[in-house]
Amino acid sequence: MTNKNLSPETITAQASKPDPATGAVMPPVHFSTTFARDENYQPLNPKHVYIRDQNPTFETAEQLIQTLEGGYDALLFSSGMTAAMTVAHALKPGDHIVVPEIMYWALRNWLDKFCATWGVHLSKIDLANPATNAANIKAALEPQAKNPDCTQILWLETPANPMWDIVDLTEACTIAHQFNAIVCADSTVSSPVITRPIEHGVDIVMHSATKYLNGHSDVIAGVLISKEDSGLWKRICKIRSENGAILGAFEAWLLQRGLRTLFLRVKRASESALFIAEHFENHPQIDRVLYPGLASHPGHSIACQQMQNGFGGMLSICVKGGAEAALRAIGRMQVFVRATSLGGVESLVEHRPSIEGPTSPLPPELIRISIGIEDPKDLIADLEQALAG
Ligand SMILES: Cc1ncc(COP(=O)(O)O)c(C=O)c1O
């Protein structure tokens, strides 16, 4: 049986073949920073010369993620931020990046500074309303569409932190490609279990592998997956190898180990998140529950088309009583861990408006929740007692 006949779950559980040298079922960790050459001065393995270019320990995770996303190639990075920053660094002054107004906060802040100093034009557009998203994308990309000196990138995040706005990837890619733009999608929150952006036309997929891909809150990593061998992709590969934005060997090994349970973890978190979102939707202490799996979410019908195996493990609740009530409830939680990040096996709770500060566009009463793999009844009981206080 070839890999083509196997389901992604089987491929993921058996991500590497037994090591032919030792029979070891799990792959070895390669700590070597350099790789030997033969008597004719040719590398013994043409892929491996020096650690900054490539490390054999990356390959299990890179090949698996590339397969799961249906891409041409995948590259690991030292963090999700580095992966995203490498895309921006591959642009030249005068190029143009279009991003959503609501997206991962640290990246949005960095892009503000980077674009101002690097001379890249940055446009922020509203992508929270599926009825106007197409017009907003068109208006942002059209003016430079015929300028051969301007590479344009449309950066998407779906679901987008922390309102979980859903962008119709097929629609966005069709419009962007009409205007010669490259589409990059931060798919961290979905993971390839739920959405495969390349199937919808996305050119480069990005993940903070720190989240669901690793899944155990013990590795920081990022990954880019390219649909094809493009000029932009070649520049990205070169930048990674030149600046050494790579993982340590042990982190890469931990990542391939975490990946093996990806489907179990994401399906369980998604099932529990839906159960919890439905439970709290009409709760007397809650104004609104933001979760793409609820019919009340503005992106629900698109989510039903482009998400499978559930709607993900991330949801937000807006409590009655403003920031003070939100912080009081968070302070009373006993099962949820008060910490930033998402996508681990343990459930986390966060007051994003406090983290983002006074310039945050978020409602002050918003509580962001990352659902883990615990018994959802314990999570509901914890939220109930915290809200009752
Ligand atoms: C959606 C999203 N993208 C990117 C990042 C950045 O990833 P990292 O923390 O691995 O640099 C994060 C981190 O929280 C994130 O949530």
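Modeller: Gladly! Let's begin with residue classes: Ala, Val, Leu, Ile, Met, Phe, Trp, Tyr, Cys and Pro count as nonpolar, Asp, Glu, Lys and Arg as charged, and the others, Gly among them, as polar. By that scheme, the shell around the ligand holds 6 nonpolar, 6 polar and 3 charged residues. This is a predicted model, where local features need pLDDT of at least 70, side-chain atom pairs count only at pLDDT 80 or more, and totals for chains, interfaces and linings use all residues. Residues are numbered from 1 along each chain as its sequence is written, and side-chain values use heavy atoms, with hydrogens and water left out.

Biologist: Which residues are the closest to the ligand?

Modeller: A residue is near a molecule if one of its heavy atoms lies within 4 Å of it. Here 15 residues surround the ligand, and the closest are Gly-80, Met-81, Asp-186, Ser-208 and Thr-210.

Biologist: Which N or O atom in a side chain is 2.7 Å from a nitrogen atom of the ligand?

Modeller: A polar contact is a pair of N or O atoms within 3.5 Å. The 2.7 Å pair involves the side chain of Asp-186. An oxygen atom of the ligand is 2.9 Å from a side-chain N or O atom of Lys-211.

Biologist: What lines the largest cavity?

Modeller: On a 1 Å grid over the protein atoms alone, a cavity is a set of points where a 1.4 Å probe fits but cannot get out; lining residues have an atom within 4 Å of a point. The lining here includes Ala-84, Leu-107 and Trp-155, and its residues divide into 8 nonpolar, no polar and no charged.

Technical notes. Polar contact = N/O pair within 3.5 Å; in protein donor to acceptor, adjacent residues only side chain to side chain. 1 Å grid on protein atoms, 1.4 Å probe; cavity = no way out; pocket = protein on both sides within 12 Å on 5 of 7 lines; lining within 4 Å.
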